[in-house]
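Please open the structure in your viewer and keep the selection tool at hand. The tour goes from one selection to the next.

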Amino acid sequence: MKYTTISKNVAEIKTDALLIFAFENENWRVLPLPAKIKNYICTAAVDPKDFTGKEAEFLIIPVQKQFPNLNRIVLVGLGKEDKYSTTVLRNVCGKTVRLLKNYPVKAVSLLVRKKLTGKYNLSRLGQTIVEGFKLGGYQFDTYKTKEDQNKKSELRKIEMVTGSAKEITGIRKGVKTGEIVSAAVILARDLANQPGNVATPQMLAKSAKSMAEKAGLACEILSEKKMQSLNMNALLAVAKGSSQPPALIVLEHKGAKKREAPIVFVGKGVTFDSGGISLKPGKCMDEMKFDMSGGATVIGIMQAVAQLKLNKNVIGIVPAVENLPDGKAAKPGDIVKSMSGTTIEILNTDAEGRMILADALTFAEKYKPAAVINLATLTGAVVVALGHVAAGIMGNDDELVDGIKKYAEISGEKVWQFPLYDEYKEQIKSDVADIKNIARNGAGVTTAGAFLSKFTEKYKWAHIDIAGVAWTNNAIPIAPKGATGFGVRLLLEWLTDK
Ligand code: BES
Ligand code: ZN
Ligand code: ZN
């Protein structure tokens with residue numbers, strides 16, 4: 001898809017579809033359009049109710065004969081002006097690209113009206129439009145062998161037309177950012193959507209490595225042997241039930257002076273979670289191919305960090321394993337000594353995410369990080385609490401957690417904070433080891449958080465439980481059914497604004 005930004009008179013536009021965004025109950029007579037077009041729209045929409053401007057309401061007006069340069073005019077509703085936000089615009093653009101799939105539209109021109117900027121700047125406007133179009137048009141069809149089962153968009157060119165040449169630079173800057181950010185989300189979705197037989201720990205490591213080579217990041221893959229030598233026994237206890245060898249992926253962006261403490265992202269990379277010996281029920285078990293979504297998000301973030309050339313040191317760590325039952329698998333009751341020295345009683349092999357994160361979070365200590373943020377599809381309990389609307393966030397540093405929460409609005413990726421009270425830490429004390437990997441008295445989200453907190457005492461840390469938002473069973477405006485790439489945009493906003 002090609003995005004261009006130009007300044008020209010509406011009358012000079014030549015396109016398959018001229019997109020005109022309008023707010024609810026806006027007076028069309030004041031739209032910045034040539035009188036001829038305006039009059040035509042007013043007669044084509046016979047009744048005012050044909051188009052009222054409600055959010056994501058569309059009116060497609062064919063115009064070929066009257067205006068030889070235009071094939072159609074599309075009125076696009078933005079909803080109430082006082083509710084307007086980047087999320088509204090991104091969602092509406094996402095729905096627009098899906099609607100246009102049904103028409104032979106290869107190029108669109110989008111009228112950049114002053115009002116579209118809202119309370120934001122031009123760069124943000126350009127970025128949001130690109131995010132909406134790119135993410136809304138996303139499809140994972142790698143394994144479809146027949147055409148047209150899932151109609152593909154023919155859209156190849158999006159032209160943003162401003163009335164003033166002065167606005168071009170700002171919009172173009174945002175378009176560039178939007179392209180990089182969306183590509184990172186798409187990489188995360190592509191990895192997470194891969195089935196478990198393809199996205200094995202080694203394949204994830206290979207993908208990260210090839211991304212790193214292209215983007216200019218350092219990449220190191222720690223083998224099973226290396227992990228044994230580091231005493232990563234919590235991680236290895238999960239991996240040993242599978243014939244797929246585990247991998248610890250480490251990506252490094254050196255954008256600042258060496259002595260500057262890095263930000264470290266850690267993502268759960270369970271390429272398939274059967275539950276292990278504590279086997280999950282069969283219903284919907286296939287969804288556990290998404291259990292590496294946290295890792296996919298971290299890989300996506302790292303690609304964008306490199307492409308945006310951020311002047312910060314940033315590290316991405318993805319512990320990648322497969323959780324299967326086997327004669328060699330860990331069993332309930334087993335006790336392992338984690339890399340940190342803390343002993344863990346495994347009471348449920350399905351609570352494997354916290355096991356692999358325990359060692360990955362200990363491994364992160366060596367970077368003397370300014371902050372560590374981990375993302376994980378960690379608990380079914382967070383889905384009970386927040387559904388598929390928001391991720392759970394918690395941590396040991398309020399400033400860090402509040403800092404991330406601030407970017408939920410602009411990114412549209414919602415996070416809701418849970419408390420990490422000391423009582424939850426009490427609940428994971430074991431009778432026979434230092435801690436156990438499940439607690440029995442409810443509070444599934446925070447007892448998982450409390451478990452992780454035992455391994456993050458040496459730095460500022462936030463944990464984002466994305467179990468409810470990492471994939472969607474129904475299409476949302478900016479994603480079809482499947483992986484969403486949740487967290488890439490939220491954390492890139494936080495990181496770039498820091
Ligand atoms: N990967 C799951 C969590 C999950 C559940 C993600 C539903 C997405 C949707 C995790 O490894 C898990 O199985 N957690 C258990 C923990 C329990 C045994 C304490 C859970 O939440 O049931
Ligand atoms: Zn599990
Ligand atoms: Zn899991």
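Select the zinc ion (ligand 2) and its donors, which follow the spacing D-x76-D-x1-E along the chain. Donors here are N, O and S atoms within 2.8 Å of the metal (3.2 Å for Na, K and Ca); water is not among the atoms, so sites may look incomplete. The protein donors of this ion are Asp273 (OD), Asp350 (O), Asp350 (OD) and Glu352 (OE), at 2.0 to 2.2 Å. Its six donor atoms make angles of 70 to 165°, and the site is irregular. Six donors count as octahedral if opposite donors are over 155 degrees apart and all others between 65 and 115; four count as square planar on those limits, or as tetrahedral if all angles lie between 85 and 135 degrees, and anything else is irregular.

This is a predicted model, in which local features need pLDDT of at least 70 and side-chain atom pairs count only at pLDDT 80 or more, while totals for chains, interfaces and linings use all residues. Residues are numbered from 1 along each chain as its sequence is written, chains are lettered from A and ligands numbered from 1 in the order in which they are written, and side-chain values use heavy atoms, with hydrogens and water left out.

Next, select Asp273, which coordinates both this ion and the zinc ion (ligand 3), 3.2 Å apart.

Now move to ligand 1. Among the 16 residues around it (a heavy atom within 4 Å), Asp273, Lys280, Asp350, Glu352 and Gly380 come nearest. For polar contacts (pairs of N or O atoms within 3.5 Å), show the side chain of Asp273, with an N or O atom 2.9 Å from a ligand 1 oxygen. A polar side-chain atom of Lys268 lies 3.2 Å from an oxygen atom of ligand 1. Finally, select Leu378: one of its polar backbone atoms is 3.4 Å from a nitrogen atom of ligand 1.

How values were computed
A polar contact is a pair of N or O atoms within 3.5 Å; within protein, one must be able to donate a hydrogen and the other to accept it, and residues adjacent in sequence count only if both atoms are side-chain atoms.
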